[in-house]
Amino acid sequence: MNDHTFDYISFQNSLKGRFQELHAGVEKLADKYQQAKPFPFIVLDDFLPNMIAEAVVADLPDRSSPDWKKLPTEDQKGKHVLADESKLPIKIRALIQELNSGYFLRFLEKLTGIPDLISDTKLVGGGVHMIERGGKLSVHVDFSHHPTNGLNRRLNFLLYLNKNWKEEYGGHFELWSSDIKTPEQKILPVFNRCVVFSTSPISYHGHPEPLNCPEGMTRNSIALYYFSKGRPKEEEGEHNTLFKSRPEDRFQLSNFVVRFASSGLVREFVPPVFYTLARKLWNKRYTGA
């Protein structure tokens, strides 16, 4: 299935069949999701039909592509993102469009119990993610509101595209306790494995251990985020992405400065116009907002 012979109708019909399977089993999946600890989540293996999963992974841009944007902070060391839809390969773009469709959103609403979900067609902070050997993603909670439309971020969808990924390569997706003392779940990012989880003030997650995969190999995923016009009262409050240190992490001054700036506390020390401008520039450069 190369770009010149890409049959979108067959692609769409194959996904529709898979989505129908998910809808048919959603009650059991919802029980598992909503009872999960340390916060609601679920792992769905063999998420895509195998032919589609193979086509999508074959469509990943080469790591040398100039379309990737490398994030500059230590908390996201070695992480590259591609969120510009116009630069996404056709099969990845088609998949994302289906995952942002109303039909899939209705499945997510039944799975999570979150009503009236809204997809983010701008892929702010999402899209395709690639992390190099030695890279990591420190433990964090995600930004609470969409930076341009103000909607509440409620749900994360991750689809891993890592063929022949071994346990010793690391890169486990970790779900942490709210006190940042213990990783309560560790999920290996193997090929065609999907993770969906609720985003809230206590949904601390990441893969804080540097990747140990062979040189030239990368940890690849598709990340999509879903929003709503409000959220439960106990989850209210606006914040940027907040990174935290694990008990074993050493203090780093550069990390402290970046985290302080991201926390929003810096608003107390700089004129609002400068803070707003800095956020807009960061979002435009690194998140696609």
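Trainee: How many cavities of 30 Å³ or more does the count come to?
Mentor: This is a predicted model, in which local features need pLDDT of at least 70 and side-chain atom pairs count only at pLDDT 80 or more, while totals for chains, interfaces and linings use all residues. Residues are numbered from 1 along each chain as its sequence is written, and side-chain values use heavy atoms, with hydrogens and water left out. A cavity is a set of points on a 1 Å grid over the protein atoms alone where a 1.4 Å probe fits but cannot get out. For cavities of 30 Å³ or more, the count comes to one.

Trainee: What volume of space lies in the largest cavity?
Mentor: Grid points are joined across faces, edges and corners, and the volume is the space filled by probe spheres set on the points. For the largest cavity, this space is about 70 Å³.

Trainee: How many residues in the lining of the largest cavity are charged?
Mentor: Lining residues have an atom within 4 Å of a point; here they are Asp142, Phe143, Ser144, Arg153, Thr199, Ser200, Pro201, Ser203, Arg231, Glu235, Gly237 and His239. Ala, Val, Leu, Ile, Met, Phe, Trp, Tyr, Cys and Pro count as nonpolar, Asp, Glu, Lys and Arg as charged, and the others, Gly among them, as polar. The lining has two nonpolar and six polar residues, and the charged ones number four.

Trainee: Which residue forms a salt bridge with Arg231?
Mentor: A salt bridge places a side-chain nitrogen of Lys or Arg within 4 Å of a carboxyl oxygen of Asp or Glu. Arg231 counts as buried because its relative accessibility is 13%, where buried means under 20% relative accessible area, exposed over 50% and partly exposed in between (1.4 Å probe, protein chains only). At 3.3 Å, N to O, the partner of Arg231 is Glu235.

Trainee: How many residues apart are Lys163 and Glu54, which meet in a salt bridge?
Mentor: Their side chains meet at 2.7 Å, N to O. The pair links distant parts of the chain, with Lys163 in the loop between S7 and strand S8 (173-176) and Glu54 in helix H3 (residues 50-58). Lys163 is partly exposed at 35% relative accessibility, as is Glu54 with a relative accessible area of 29%.

Trainee: Which residues are linked with Arg246 in a network of salt bridges?
Mentor: Arg246 is buried, because its relative accessible area is 9%. Its side chain meets that of Glu248 in a salt bridge of 3.3 Å, N to O. The residues linked with Arg246 in the network are Glu209, Glu248 and Asp249.

Trainee: Is Phe251 buried or exposed?
Mentor: Phe251 is found in the loop between strand S13 (242-243) and helix H6 (253-263). Because its relative accessibility is 63%, Phe251 counts as exposed.

Methods
1 Å grid on protein atoms, 1.4 Å probe; cavity = no way out; pocket = protein on both sides within 12 Å on 5 of 7 lines; lining within 4 Å. Helix = DSSP H or I, 4+ residues; strand = E, 2+ residues; numbered from the N terminus.
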